[in-house]
Amino acid sequence: MTVATRPSDVALAPPPAVIGHNMAPAFDQEPLALLDTRINDFAAAGGEWLDLKEIATDAQAAHLTDFIAGARKLKGEVEAWHRAAKAPHLEGGRAVDAAAKSPVAVAERVISRALALISPWQSQKKREAEERERLVRQAAAEKLAEAQRLARQAAEHNDIAGEVAAEALAKQAVQETRAAERVTAGAGAVQSASGGGRTIALVTTRTAQIDNILVAFMAVRDHPYVVEAIQRALNERIRSKDFNGAAIPGVSIKTEEKAR
Amino acid sequence: MMRQPSSFMRLHQWWKDALAGLATEQHDGLPECGCYKLRYVKGGPFVPVRIFVLRDIDPDTGELQGPERIMAEANGLPADPVPIWTYLRPISRADYDALVEMHRSEDRMSATNVALDLSLTPTLPPRSYA
């Protein structure tokens with residue numbers, strides 16, 4: 001007599017395979033699982049310690065010292081496992097970095113030398129464009145002056161056609177000035193010969209040179225970088241072995257005690 | 001020759017001075033009575049040590065019937081106090097009793113010749129120690 005097949009007898013279809021499902025894990029899971037268990041034990045014990053709220057006896061303090069020593073040692077073991085598990089990957093990464101270093105350096109040198117070669121040409125083009133813009137501005141100013149003279153003359157003689165012509169002349173002068181400005185703004189950029197390369201632009205950057213440190217400091221004293229740098233310099237001074245406790249103007253020293 | 005037994009204060013004076021923080025010197029080969037702790041290996045658990053004097057006293061006269069012999073007991077076992085004397089650290093009676101109780105109740109304290117690995121099991125708050 002055959003036994004009826006139940007739905008529970010039919011195995012579920014396996015989950016669909018995705019790319020990487022057969023890949024081995026990056027590290028051995030078992031040591032980490034053991035360390036995890038011990039860490040969780042310490043976390044649970046830490047909860048028991050915190051339930052005390054405060055240390056009231058020498059025995060509690062001594063036992064807590066042992067607990068902290070054990071936790072520190074366990075943390076060291078986890079960190080040692082971390083370093084060991086990561087080492088092969090780090091070495092592989094370093095090998096790849098070493099292999100890529102030379103060709104990248106050569107490419108960077110080639111590019112920087114080529115940019116240095118093209119920069120004077122771009123600067124020359126920029127200067128020429130600025131000179132042309134100056135001449136156009138000059139001509140436009142003369143045209144505008146002429147348009148204003150014609151406008152006054154047309155107004156005196158009630159010459160409507162003359163007024164319209166003067167306005168057109170003034171408008172033309174403004175348009176020529178704006179066109180020259182647009183050309184100068186893009187001057188110095190060198191486009192690709194074939195169309196496949198990016199345009200190389202001429203970029204102007206500004207760098208500050210400190211002529212008077214005290215005066216310069218007053219200009220940026222509120223900047224977060226400056227405040228952080230002053231804080232670090234002061235901490236270094238008051239924590240140094242040679243510090244004699246002498247007062248520092250504008251600074252008050254706070255002390256706090258912490259277990260370590 | 002009639003000899004009176006040494007008094008408790010005289011036998012334990014060095015130990016009491018050491019506990020009080022007074023300047024005392026631990027001379028090699030000259031152990032003093034009191035309660036101490038000792039570590040057999042670096043990082044190993046503390047072992048309670050008691051140094052005391054054994055003497056035969058005549059119950060009728062109260063006099064010594066023989067020389068006073070200085071003895072030691074380390075973790076409950078008889079020990080010679082002379083070779084271990086300079087490794088001993090004086091502790092109070094309460095700390096000594098607490099250490100004895102720790103050895104009784106915590107298994108990890110029993111391996112006295114091996115460094116203690118505090119990371120294997122977390123140390124929990126003490127239950128009833130001093």
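**Reading strands and pockets in a predicted model**

Modeller: Let us begin with one pair of residues in this predicted model: Phe52(B) has Met71(B), in strand S3(B), as its bridge partner.

Colleague: Which strands does that bridge belong to, and in which sense do they run?

Modeller: A pair of strands is described by its bridges and its direction. Here strand S2 of chain B, residues 46-54, is joined by 6 bridges to strand S3 of chain B, residues 69-74, and the two run antiparallel.

Colleague: What does S3(B) pair with over 3 bridges?

Modeller: The partner is strand S4 of chain B, residues 77-79, again in the antiparallel sense. Within this pair, Ala72(B) is bridged to Ala79(B) of S4(B).

Colleague: How many residues lie between S3(B) and S4(B)?

Modeller: There are 2 residues between them, and the strands form a hairpin. In its turn, Asn75(B) has a positive phi of about 55°.

Colleague: How should I read the largest pocket, and which residues lie nearest its centre?

Modeller: One reads a pocket by its volume and its lining. The largest pocket has a volume of about 700 Å³, and 25 residues line it. Nearest its centre lie Ala62(A), Asp66(A), Lys37(B), Phe46(B) and Met102(B).

Colleague: Which element supplies the largest share of that lining?

Modeller: H2(A) does, with 6 residues. Strand S1 (34-39) and helix H3 (93-105) of chain B each supply at least two residues. By class, the lining has 14 nonpolar, 4 polar and 7 charged residues.

Colleague: What is the volume of the second largest pocket?

Modeller: Its volume is about 460 Å³. Its lining includes Gln231(A), Arg239(A) and Glu256(A), and divides into 4 nonpolar, 4 polar and 3 charged residues.

Key. Residues numbered from 1 in each chain as written. Chains lettered and ligands numbered in written order. Predicted model: local features only at pLDDT ≥ 70, side-chain atom pairs only at ≥ 80, totals over all residues. Heavy atoms only, no water. Pairing = 2+ DSSP bridges. Helix = DSSP H or I, 4+ residues; strand = E, 2+ residues; numbered from the N terminus. 1 Å grid on protein atoms, 1.4 Å probe; cavity = no way out; pocket = protein on both sides within 12 Å on 5 of 7 lines; lining within 4 Å. Points joined across faces, edges and corners; volume = space filled by probe spheres on them. Nonpolar A, V, L, I, M, F, W, Y, C, P; charged D, E, K, R; others polar.
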